[in-house]
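Dear colleague,

Please find below the sequence and structure that I am handing over to you. My notes on what was found follow directly after it.

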Amino acid sequence: MSRPPSLTLPPCARAYRLDTERGAFAVQDARPDAAPIGTALLVPGFTGSKEDFVALLAPLAAAGFRAVAVDGRGQHESPGPRDERAYAQRELALDVLAQTQALREPDGGPVHLLGHSLGGLVTRAAVLLDASPFRSLTVLSSGPAAIDPSQQARVRMLIEALGTLDMESVWQAMRELDPPEAAEATTPPEIGAFLHRRWLNTVPEQLIATGRQMLEEPDRVAELARTGLATHVVSGAVDYAWPVPSMDAMAERLSARRTVIEGAEHSPNAERPQKTAEALAGFWSGVG
């Protein structure tokens with residue numbers, strides 16, 4: 001679970017609901033002082049939300065990019081139905097395409113797409129449906145297929161719990177499973193309160209459906225490579241969901257740029273935001 005270092009939006013950003021042909025989505029939208037040299041859509045991961053990118057917004061805007069972080073359907077402040085079918089990967093990918101179309105209006109320029117963790121699988125699916133709206137794809141802390149077997153048992157336990165317990169009970173059970181370094185005592189109170197609130201706001205069927213996707217995702221790297229879209233694979237130096245060597249190999253298969261953010265683990269966007277923003281802006285500037 002990503003833990004944003006702060007919840008305060010920078011002066012360059014505002015929060016609102018982005019209207020699309022598939023409904024409205026909660027976003028945080030940061031813009032540079034001058035006309036942006038590009039627009040980026042930032043898609044969060046499993047149990048995440050737009051706030052996971054809040055520390056990237058100011059440095060990306062300072063680099064000249066409009067950066068829009070979104071809550072997907074059923075995540076935090078974007079509503080979603082109590083129906084697992086609504087969270088099939090194709091449905092989430094179509095949402096990303098609709099969000100992208102809304103951001104492209106009125107000038108129609110292509111968008112740089114970024115997906116963190118589960119968001120990497122969803123954004124890849126969107127590109128495979130239609131790569132034409134995108135200038136590039138950045139896969140952040142996300143791998144070629146299903147999550148590592150060492151993490152699959154935990155996700156299965158969560159799916160089972162969500163099918164039998166209420167969200168508050170599952171939250172308390174997860175806290176008991178956290179290692180000591182992740183204990184609430186090490187988290188600022190306002191961040192801890194936010195993480196709890198976000199969890200309770202998330203639709204359980206969204207978590208069940210997307211959890212299964214992380215367990216069952218096939219390797220679609222060859223399909224992505226055939227699109228010819230400029231691709232960037234970014235991760236921390238350590239990752240528990242997809243081992244770093246698997247992301248190295250994926251980048252090689254994609255002929256993608258590869259960036260490892262030293263000092264970061266599964267959430268470089270929250271753990272080392274300045275270095276992550278520099279890597280993103282450098283890549284985006286290079287592909288136009």
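I begin at one end of the sheet: strand β1 is joined by eight bridges to strand β2 (residues 23-30), and these two strands run antiparallel. Within this pair, Arg-14 stands opposite Asp-29 in β2. Strands are said to pair here if DSSP finds at least two bridges between them, and both helices (H or I, at least four residues) and strands (E, at least two) are DSSP runs numbered from the N terminus.

Before going further, please note that this is a predicted model, in which local features need pLDDT of at least 70 and side-chain atom pairs count only at pLDDT 80 or more, while totals for chains, interfaces and linings use all residues. Residues are numbered from 1 along each chain as its sequence is written, and side-chain values use heavy atoms, with hydrogens and water left out.

**The sheet**

Finally, β7 and β8 pair in the parallel sense over five bridges, and Ser-235 stands opposite Val-260 in β8.

As for burial (buried means under 20% relative accessible area, exposed over 50%, partly exposed in between, with a 1.4 Å probe and protein chains only), six of the seven residues of β6 are buried, so this strand is largely enclosed by the rest of the structure. Strand β7 (residues 230-236) is likewise mostly covered, with six of its seven residues buried.

**Helix α2**

Helix α2 (residues 89-104) has 16 residues and reaches 23 Å from its first C-alpha to its last, close to the 22 Å expected at 1.5 Å a residue, where the expected span is 1.5 Å times one less than the number of residues. Because 12 of its 16 residues are buried, α2 is largely enclosed by the rest of the structure; among the buried residues are Leu-92, Val-96, Leu-103 and also Asp-95 and Arg-104.

From Trp-199 it is 34 residues apart in sequence and 28 Å apart in space, C-alpha to C-alpha.

Gly-64 is found in the loop between α1 (54-62) and β4 (65-70) and counts as buried at 13% relative accessibility. Leaving aside neighbours within four places in sequence, Gly-64 is in contact with Pro-32, Pro-36, Ile-37 and Gly-38.

Gln-152 lies in helix α4 (residues 149-162) and, at 13% relative accessibility, counts as buried. With neighbours within four places in sequence left aside, Gln-152 is in contact with Ala-146, Ile-147 and Leu-215.

**The chain as a whole**

The chain has 11 helices and eight strands. Its radius of gyration is 17 Å, close to the 19 Å that the globule rule gives for 288 residues, so the chain is as compact as a globular protein of that length; the radius is taken over C-alpha atoms, and the rule is 2.2 Å times the number of residues to the power 0.38. Of the 288 residues, 56% count as buried, and residues 24 or more positions apart account for 78% of the contacts with a separation of 6 or more.

With best regards

How values were computed:
Contact means heavy atoms within 4.5 Å.
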